[in-house]
Amino acid sequence: MPLPVAPPVQEVLVYGTALVSAGVALALGLRGEQRQCPTCAGLGGIRCIVCSGRGDTTPQGALTKEVCRACKGATIIKCRTCKGSGFDRGLR
Ligand SMILES: [Zn+2]
Ligand SMILES: [Zn+2]
């Protein structure tokens, strides 16, 4: 009765590791190009802190509506960290 031939475990492991390494490198490379901005979570804008996202700064009891000067009524202002792109490419 012949001895069972052992499968080439070493080769399989090396091949598998190389594939995984290539996959990780690819994923890291893509993320390095377009990393989500941590400030606005990729939205490109954050809620206006001047009007608290209301769009206007009308004082209580005022007759005329005062549009927020910071966001011009848009309720969000452009993210300074990513300059509105939603992705942070400055840190690598
Ligand atoms: Zn505002
Ligand atoms: Zn941002």
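The largest nonpolar core consists of 5 residues, namely Cys48, Cys51, Cys68, Cys71 and Ile77. The structure is a predicted model, and the description below should be read with that in mind.

The protein contains 1 helix and 4 strands, which follow one another along the sequence in the pattern α-β-β-β-β. Of its 92 residues, 10% count as buried. When contacts between residues at least 6 apart in sequence are considered, 53% of them join residues that are at least 24 apart.

Leaving out residues up to four places away in sequence, Cys71 touches Cys48, Val50, Cys51, Gly55, Ile76 and Ile77; Cys48, Cys51 and Ile77 are, like Cys71, listed among the members of the largest nonpolar core.

Is Cys82 buried or exposed? Cys82 is buried, because 22 other C-beta atoms lie within 10 Å, and the cut-off for a buried residue is 20 or more. Apart from its neighbours within four places in sequence, Cys82 is in contact with Cys37, Thr39, Cys40, Gly44, Phe87 and Asp88. Cys82 and Gln36 are 46 residues apart in sequence, while their C-alpha atoms are 9.0 Å apart in space.

Most residues other than glycine have a negative phi. Ala41, however, has a positive phi of about 55° although it is not a glycine, and Ser52, likewise a residue other than glycine, has a positive phi near 55°. Ala41 lies in the loop between strand S1, which covers 35-36, and strand S2, which covers 45-47, whereas Ser52 lies in the loop between S2 and strand S3, which covers 76-78. Ala41 is exposed, since it has 11 other C-beta atoms within 10 Å, and Ser52 also counts as exposed, with 11 C-beta neighbours inside 10 Å; the cut-off for an exposed residue is 12 or fewer.

| Residue | Other C-beta atoms within 10 Å | Class |
|---|---|---|
| Ala41 | 11 C-beta atoms | exposed |
| Cys82 | 22 C-beta atoms | buried |

Note on methods:
Residues numbered from 1 in each chain as written. Chains lettered and ligands numbered in written order. Predicted model: local features only at pLDDT ≥ 70, side-chain atom pairs only at ≥ 80, totals over all residues. Helix = DSSP H or I, 4+ residues; strand = E, 2+ residues; numbered from the N terminus. Contact = placed C-beta atoms within 7 Å. Core = buried A, V, L, I, M, F, W, Y, C linked by C-beta atoms within 7 Å.
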